[in-house]
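Colleague: Could you show me how to read the fold of a model like this one?
Modeller: Gladly, let's look together.

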Amino acid sequence: TVPSAVAAFVARLPPVNGPGQTKLPMAELRRGLGGLGLTAVETHLPSGNVVFDARGDDSAEQAAAIHGLIEREFGHDVRVLVLTAAVREPAVAVRL
């Protein structure tokens, strides 16, 4: 079996860690995302963007995994939108 290629993604979370916003410890979030098998994980405050690489190209699968991690580890039920590399650069440029 040939392993799937690594693809670049950006996960869009709601704004975090500001007054009245969801609190997510970024270092712990990066470690948790690494535990999901994501690599080159970068978090960007206060935009809520997480840039990462992962095997495969299923952004819905990545979003579900990240949502589950945040809910399980941090107790927050937040909407997670994951974009693939094709739309990643404009999204990152606008929100960083």
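This is a predicted model: local features need pLDDT of at least 70, side-chain atom pairs count only at pLDDT 80 or more; totals for chains, interfaces and linings use all residues.

Modeller: Residues are numbered from 1 along each chain as its sequence is written, and side-chain values use heavy atoms, with hydrogens and water left out.

Colleague: What pattern does the chain follow along the sequence?
Modeller: Helices (H or I, at least four residues) and strands (E, at least two) are DSSP runs, numbered from the N terminus. Here the pattern reads β-α-β-β-α-β-α.

Colleague: In what order do the four strands form the sheet?
Modeller: Strands of a sheet pair through backbone hydrogen bonds, either parallel or antiparallel. Two strands count as paired if DSSP finds at least two bridges between them. In this open sheet the order is β2-β3-β1-β4, with antiparallel pairing. At the edges are β2 (39-44) and β4 (81-84), each pairing on one side only.

Colleague: Over how many bridges do β1 and β4 pair?
Modeller: Four, with β1 spanning residues 6-12; F9 has T84 in β4 as its bridge partner.

Colleague: Which strands does helix α2 touch?
Modeller: Contact means heavy atoms within 4.5 Å. By that rule, α2 (residues 59-74) packs on the sheet against β1, β3 and β4.

Colleague: And how much of the chain is buried?
Modeller: Buried means under 20% relative accessible area, exposed over 50%, partly exposed in between (1.4 Å probe, protein chains only). Buried residues are 39% of the 96 in the chain.

Key
Axes are lines fitted to C-alpha atoms, for helices over the stretch in contact, and angles run from 0 to 180 degrees between N-to-C directions.
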